[in-house]
Structures are given as C-alpha cells and as structure tokens.
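Hello,

Here is the structure we talked about. Please open it first, then read my notes below.

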Amino acid sequence: MPIARPEPQNARVIAHVDMDCFYVQVEQRKNPELKGLPAAVVQYNSWKGGALIAVGYEARRFGVKRSMRGDEAKMVCPNIQLIQVPVARGKADLNMYRDAGSEVVSILSTKGRCERASIDEVYLDLTDAAETMLSETPPEMLDTINEEALRSHVLGFNVDGDEREKNVKEWLCRSEADRQDKLLACGAIIVAQLLIEVLNETTFTCSAGIAHNKMLAKLASPMHKPAQQTVVPSSSVKDLLASLPVKKMKQLGGKLGSSLQIDLGVKTVGDLLQFSQEKLQEHYGINTGTWLWNISRGISGDAVEDRLLPKSHGCGKTFPGPQALKTIASVENWVNQLCEELNERIHSDLDQNKRVAHTLTLHARAFKENDMEPQRKFPSKSCPLRYGTSKLKEDTMRLFDSGLRDFLGSQHIGWGVTSLSITASKITDVPQGTRSILKFLQGKDCSSMISDDPNGSLKQDLVSSSAVCTEVDLQRKDFEMMNHDVRPSDLASEATRSDINSKLLDETQKRTITAIRKIKDVGKSSILKFFQGSNSSFPTTSQAGETSNHDTASLPSFSEKGSSTEVSMNKDDRHSQTQNGYDSWGFNVEDIDPSVLDELPIEIQREVREWIRPLKRTNTSRKGSSIVHYFSPVKKE
Ligand code: TTP
C-alpha cells in the first residue's frame with residue numbers, strides 16, 4: 001500500500017530521465033548502419049517473427065507497436081529492421097543494455113542525488129544545483145541558454161508556433177517569477193545540459209520531466225518523447241491531474257485503482273478532489289487515505305534515494321502454451337540456467353560494487369490440469385540467499401517444491417509451469433570490516449589471490465561473513481521463510497541451520513582470539529613482515545609457536561567447508577572439528593596482549609578492537625563475523 005509522506009517545506013527540483021526506445025538505441029550504437037532506419041528489438045523466441053520488446057521511433061511512425069510480433073510489424077512496415085535480443089542460456093541476455101544504462105547513470109549522477117529506478121530510468125534531485133545556479137548565475141543573467149533547454153515544454157504555458165523558443169526563453173528568464181518557478185527554470189537548464197552530455201558521450205537520447213516531486217516528474221517525462229523535456233510548474237498541476245486516468249498513476253494500476261473506480265466512481269486523479277481526507281481514510285485507512293488526498297493535489301514527499309545500482313537482481317523465463325514445464329526434471333533444468341545467471345550477476349555485483357544480496361525469491365506462474373479453481377496462484381517463496389550456483393539451485397528447488405505443494409494442496413493432478421523467475425534482493429554493502437580487509441588484501445598486492453583463487457574461496461568467505469549477518473538477522477524472526485506460509489517441515493532444516501550458525505559464531509570468535517594469541521607467541525614483527533613480504537599467502541598455525549605459509553588454493557580459513565553458510569549445512573564436519581579440540585577452549589579477553597594488536601594493519605586493528613569491545617559487554621556476533629573468517633579456522637596438522 002502506498003505511504004503518505006508530506007513534502008518538505010522548501011521546494012525541491014526533481015527530474016525523471018527516461019531513455020528513448022532504449023534497447024533499439026543500444027543496438028543502433030552497436031551497429032550504426034541501423035541509425036535512422038525503422039527498427040525494433042525482438043525476443044529470442046522466433047514464433048511469428050518474435051515478440052517486439054522495443055520499437056524505435058522511426059518504426060512507430062509506421063504504426064508499429066510493442067504489442068505486435070515481428071511478422072505483424074513487417075506487414076505495417078516492410079522495411080523494419082528486426083534485431084534479435086542477445087541470448088545466453090536459452091534466454092535474453094540483457095547485460096549489454098544494463099551496462100549502457102550504467103553509462104548514462106554515471107553522467108547524470110554528476111549533478112545531484114541520483115536514483116536508478118529501472119534499466120533505463122533515473123530520478124535526480126537537483127535542488128542543490130538549482131539553488132546554487134539561482135544564487136550565482138540565474139537564467140536571466142546568462143548570455144546564452146542551451147538549445148535543448150529552449151526546446152522545453154512548460155505545462156500550462158502555451159508556446160507553440162514560430163516564437164516558441166523565444167517564449168520559452170522568456171519563461172525561463174522571468175525575473176518576476178516566484179522562487180519555485182525560478183528553481184524549476186534552473187532545473188530545466190541543468191537537465192538540458194546533462195542530456196546534451198549524455199548524447200555526446202553515449203549517442204543516446206533521453207526525455208525528462210522536471211517538477212517539484214518525483215511523482216510529477218515521472219508523469220511529465222513521457223509527455224514529449226523522444227529527446228525532449230517537460231517542465232511542471234506548480235500552477236499547472238491541477239489541470240495535469242484533472243484529466244489523468246487513475247490507472248495511469250503509479251500505484252493505482254492495480255486493485256486500489258480498481259476499487260477507486262468501482263467503489264467511489266473515480267475516473268481521473270482530479271475526481272479524488274471531491275472527497276475529504278476523512279472520507280478517503282474511512283475507505284482506505286489513514287495512510288492510504290492521506291496518500292490519495294495528497295496525490296490528488298500533486299503532493300508527494302518521496303525522496304530521491306541515493307542509489308546508482310539496482311535494488312535487486314532478477315532473471316526469469318516464460319514458457320507459454322505448449323512450452324509449459326510439466327515435470328520436476330524440466331523445472332530443474334531451467335532453474336539451473338536461471339541460477340547460473342543469477343550467480344554470475346550477484347558475484348559481479350560483489351566484485352564491482354562490494355554489495356551482497358541476502359534474500360532469494362522464487363516466483364512462478366502455473367496451472368493445474370482440469371482445474372476447478374483456475375484463479376489459484378502459485379505462491380512466491382523466499383529464503384536466505386546462499387552464494388554459489390549449486391546452493392542457489394538447491395534452495396530454489398526447495399522453494400519450488402514448497403510452492404508446488406501449496407499450489408496443489410491435496411490434489412494429485414497434473415500441472416504446468418508457464419513462468420519461472422528468481423530474484424536476489426535485500427542487497428546491502430558488504431559490512432565495513434569485511435570491505436576493509438578486502439581493500440587491505442588488494443592493497444597489499446594480494447588481489448590476484450582473489451581472482452586467481454581457483455575455488456573463489458576467499459570471495460566465498462567474504463560473502464559468507466556477511467551471510468552470517470543475514471542469517472543472524474533472520475534468526476531473530478525465527479528464521480521464517482519471508483512473505484509466505486511454509487510448512488513446519490520446510491523450516492526444520494532452516495532452524496537447525498541458524499542454530500548451528502549462532503554456535504559457530506561463538507566458536508569462530510574464540511578461534512580468532514586463539515589466532516591472535518598465537519600470533520603474539522610467534523613474535524610481534526611477524527605479522528607485518530608476513531603481510532609485507534609474502535605475497536598471496538597466509539600463515540596458518542600448525543602448532544603453537546610455529547607458522548607456515550600456505551598458498552591460496554589451500555587456505556584453510558577460506559575453504560568452502562569452513563564458510564559459515566556451508567558449515568551450517570554440514571553438521572558432521574563441524575562435529576569433527578570440535579573433536580579436534582576447538583570446543584575445549586576458553587579464553588579471557590584480558591589475555592590478549594594489546595601490543596599484538598598494534599602490530600596489525602590499521603584496518604584490521606580497528607576491526608578487532610571494535611569486535612573485542614562489544615565482546616566484553618555482550619557476546620556480540622555481528623561485528624566479529626568478518627575478522628573471524630579472516631583468521632579461522634586454525635588447523636591442526
Ligand atoms: P520502456 O522505457 O518502457 O520503453 P522504451 O525505452 O523502449 O521506449 P520509450 O521511448 O517509449 O520509453 O522500456 C525500456 C526497455 O525495457 C525497452 O527498450 C525494452 C525493455 N522492455 C522489455 O524488454 N519488455 C517490456 O515489456 C518493456 C515495457 C520494456
């Protein structure tokens with residue numbers, strides 16, 4: 001349900017930038033011969049010429065629409081160039097488009113807070129930039145205003161005809177305008193400049209909406225496509241919303257919009273104005289009622305989030321008609337493909353952006369043969385995300401099994417799956433301590449160790465350390481499978497897993513202290529010497545007082561089995577380690593010689609100190625997870 005957020009007191013300048021016929025532009029840049037020709041990008045499935053997923057503006061002039069298939073498009077536009085979307089693993093590979101979107105985002109984000117809303121959409125908060133411009137070089141003081149800004153459309157300001165640019169210039173430079181409009185004028189000039197930069201650097205054109213909030217900016221950006229921008233002064237908002245069908249408004253496309261139409265007879269957003277706030281609250285609750293009251297007046301306090309990267313990673317595949325998957329083996333086959341892709345993407349996010357995903361969700365659409373209840377949906381299911389293709393596959397299949405059981409209930413009948421998708425969400429930055437270690441290792445020329453490590457075990461370890469946090473977080477919620485009803489039997493293994501994890505944290509903390517104590521025994525200078533001198537290798541303590549260097553492939557602390565997530569599934573392994581003596585272990589924080597910490601690199605010192613401090617108060621596990629992995633497990637020869 002939408003949440004009502006009041007607008008801040010001071011006027012903001014928000015832009016919504018949407019790239020034009022995006023996939024087509026990316027393909028045209030790749031193959032410049034296609035520039036200026038009617039073109040469309042089609043899905044990999046070639047049935048009836050493939051489904052159109054993006055249509056260039058030249059083709060639109062012939063009446064080609066996204067809802068058409070390639071054959072149909074050829075009928076209305078015989079010269080249309082149909083470009084196959086790249087394919088990998090039997091499905092569309094969108095990486096080229098994602099990367100192209102990132103290029104644009106990196107240019108747009110130079111002027112203000114930037115939120116990447118989708119593969120080709122961005123919100124910008126340009127308030128600061130507009131205020132600076134207004135105080136230092138207001139539009140009326142500019143010698144020239146860029147052409148792009150002069151081509152703006154200003155809602156409520158009729159500027160058609162030959163004098164158009166002259167009139168727009170007048171609007172942008174009005175010295176008698178109120179401060180809000182002046183800020184919008186500055187915003188329009190700034191956005192126009194950004195769009196020119198995007199064009200010059202990427203060859204892509206975009207359209208934009210410039211308003212005082214996200215909602216209005218988003219409504220305005222598609223109004224004058226392609227390659228034009230639309231400004232929404234406050235005085236134009238009432239007219240804009242008066243005729244806007246409710247279903248066109250973000251968050252009113254579904255049930256809420258239908259209820260407004262059916263229950264209140266509301267057709268346009270403007271129709272909502274006739275209802276008092278109390279009346280709307282009576283119908284839809286305090287929050288949604290207030291939100292409806294606000295949006296009908298163009299009020300929306302949603303902030304532009306500081307986010308250049310996607311909120312989640314998803315990949316899916318549809319199986320229409322006869323392609324429906326009807327056996328577990330065929331589902332498993334596609335789950336494998338999807339998991340391979342998802343694994344690649346979350347790893348590249350980790351490598352490039354140091355971000356880790358915490359939740360795995362499976363969505364599916366399915367039908368039952370001879371079903372009496374055709375409306376019944378296949379329930380979506382989520383669980384904590386574990387890195388590695390095989391783990392993703394295992395977990396996704398468990399989610400599928402659980403969903404299928406719920407979907408079928410007690411019926412023993414045939415079924416078919418018409419779409420499958422998996423999403424990695426709840427993405428956060430790798431915890432600071434872990435990042436510092438990663439940075440430290442890279443800085444110490446150990447970076448090759450990360451990429452060369454044949455098992456990716458170091459990376460796995462870094463991920464695992466944050467996965468520990470995830471699992472601890474989840475433990476607080478009794479490790480329920482989020483969103484959805486899961487049978488107790490499904491939860492059993494999860495509960496065991498979290499239980500083991502919490503024990504593991506205690507043990508690994510202990511082992512860290514052991515490691516530090518042993519390092520102390522070895523001699524103070526050894527740590528620094530080791531880090532400075534020995535490239536790509538780590539000491540492991542075979543016996544107290546001795547260290548030995550192991551190459552990365554055999555790093556005990558980063559072995560997959562030693563990682564928390566894996567350990568959680570390998571109770572027996574843990575047990576054998578316990579028998580090797582880790583259990584019979586006690587420590588006293590005061591035993592640690594502080595001078596030993598002084599010998600550690602500064603990043604690690606800070607982390608260990610942070611970790612030890614809370615340890616004295618409470619046995620906090622979160623802080624220690626990363627450093628714990630750095631040292632543990634200490635292997636006995
Ligand atoms: P849109 O921004 O919806 O459309 P567009 O950029 O192609 O055209 P416009 O100028 O009207 O904004 O979608 C962005 C890209 O997302 C689009 O180029 C192709 C892809 N896409 C799909 O793959 N499937 C879909 O159903 C839609 C709507 C988009």
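Phe22, Tyr23, Val26, Glu27, Arg29 and Lys30 of helix 1 touch Met96, Tyr97, Ala100, Gly101 and Glu103 of helix 4. Of the residues in this contact, six are nonpolar, one is polar and four are charged. Keep in mind that this is a predicted model.

Helix 1 covers residues 22-30 and helix 4 covers residues 95-108. Their axes are 10 Å apart and cross at about 95°. Angles of 65 to 115 degrees count as roughly perpendicular, so helix 1 and helix 4 are roughly perpendicular to each other.

Now the aromatics. There are seven aromatic pairs in the structure. One of them is Phe22 with Phe204, edge-to-face, with 5.9 Å between centres and 80° between planes. Phe22 sits in helix 1 and Phe204 in the loop between helix 8 and strand 10, so this pair ties together parts 182 residues apart in sequence. Phe22 is buried at 4% relative accessibility. Phe204 is buried too, at 0%. A single aromatic cluster takes in Phe22, Tyr23, Tyr97 and Phe204.

Phe378 and Phe400 make a stacked pair, 5.4 Å centre to centre and 20° between the planes. Phe378 is in the loop between strand 13 and strand 14, and Phe400 is in helix 14, so the pair links parts 22 residues apart in sequence. Both Phe378 and Phe400 are buried.

Last, helix 11 (residues 255-264). Its buried residues are Leu256, Gly257, Ser259, Leu260 and Leu264. They span an arc of only 160° around the axis, so they lie on the same side of helix 11. Lys255 and Ile262 are exposed on the other side. Helix 12 is among the elements covering the buried residues.

Best wishes

Technical notes
Residues numbered from 1 in each chain as written. Predicted model: local features only at pLDDT ≥ 70, side-chain atom pairs only at ≥ 80, totals over all residues. Heavy atoms only, no water. Axes fitted to C-alpha atoms, helices over the stretch in contact; angles between N-to-C directions. Helix = DSSP H or I, 4+ residues; strand = E, 2+ residues; numbered from the N terminus. Parallel < 35°, antiparallel > 145°, perpendicular 65-115°, else oblique. Contact = heavy atoms within 4.5 Å. Nonpolar A, V, L, I, M, F, W, Y, C, P; charged D, E, K, R; others polar. Buried < 20%, exposed > 50% of the residue type's maximum accessible area, 1.4 Å probe, protein only. Arc of directions from axis to C-beta. Phe/Tyr/Trp six-rings, centres within 6.5 Å; stacked < 30°, edge-to-face > 60°.
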